[in-house]
Amino acid sequence: MAIKTLSIPEDLEKFLEENPDLSPSKMLQSKIIEIKENRRLNFEELAKVMKQRNFIERKLQEANEEIDRLKQENAQLVQQKA
């Protein structure tokens, strides 16, 4: 386990001195764990959104290809009737 030195404002230092039951180390660990979990959740959500976006882009491309095919088919039918 690494030992790190933290600088805190004087008012917080005084608060901690007045409240020895509070553990800055445990509070920091809790916050770091919370931030780590939030980042993991954000990454998972981003991956999910990107997957949905890719799916929508593929479906849009398929729809555009179908529109182009139908336009060509329509143009051929118009030429045949002319």
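This is a predicted model: local features need pLDDT of at least 70, side-chain atom pairs count only at pLDDT 80 or more; totals for chains, interfaces and linings use all residues.
## Overall form

The protein contains 2 helices and 0 strands. Its radius of gyration is 30 Å, well over the 12 Å that the globule rule gives for 82 residues, so the chain is more spread out than a compact globule. Taken along the principal axes, the box filled by the C-alpha atoms is roughly 95 × 25 × 20 Å.

## The largest pocket

The largest pocket has a volume of about 480 Å³, and its lining is made up of 16 residues, of which Leu6, Pro24, Ser25, Leu28 and Gln29 lie nearest the centre. Two or more lining residues come from each of helix H1 (10-18) and helix H2 (24-81), and H2 gives the most, with 7 residues. By residue class, the lining of this pocket divides into 13 nonpolar, 2 polar and 1 charged.

## Salt bridges along helix H2

The count of salt bridges in the model comes to 8. One of them joins the side chains of Arg40 and Glu37, with an N to O distance of 2.3 Å; these two residues are 3 residues apart in helix H2, and are therefore separated by about one helical turn. Arg40 is partly exposed, with a relative accessible area of 38%, and Glu37 is likewise partly exposed, at 34%.

Further along the numbering, the side chains of Lys59 and Glu62 meet in a salt bridge at 3.5 Å, N to O, and this pair, too, is 3 residues apart in helix H2, or about one helical turn. Lys59 has a relative accessible area of 41% and is partly exposed, while Glu62, at 43% relative accessibility, also counts as partly exposed. Arg69 and Glu66 form a salt bridge at 2.6 Å, N to O, and both lie in helix H2, 3 residues apart, about one turn of the helix.

## Lys48 and Asn64

Lys48 lies in helix H2 and is partly exposed, with a relative accessible area of 47%, a value that falls between the 20% and 50% cut-offs. The C-alpha atoms of Lys48 and Asn64, which are 16 residues apart along the chain, are separated by 24 Å.

Conventions: Residues are numbered from 1 along each chain as its sequence is written. Side-chain values use heavy atoms; hydrogens and water are left out. On a 1 Å grid over the protein atoms alone, a cavity is a set of points where a 1.4 Å probe fits but cannot get out, and a pocket is an open set with protein on both sides within 12 Å along at least five of seven lines; lining residues have an atom within 4 Å of a point. Grid points are joined across faces, edges and corners, and a volume is the space filled by probe spheres set on the points. Helices (H or I, at least four residues) and strands (E, at least two) are DSSP runs, numbered from the N terminus. Ala, Val, Leu, Ile, Met, Phe, Trp, Tyr, Cys and Pro count as nonpolar, Asp, Glu, Lys and Arg as charged, and the others, Gly among them, as polar. Buried means under 20% relative accessible area, exposed over 50%, partly exposed in between (1.4 Å probe, protein chains only). The radius of gyration is taken over C-alpha atoms; the globule rule is 2.2 Å times the number of residues to the power 0.38. A salt bridge is a side-chain nitrogen of Lys or Arg within 4 Å of a carboxyl oxygen of Asp or Glu.
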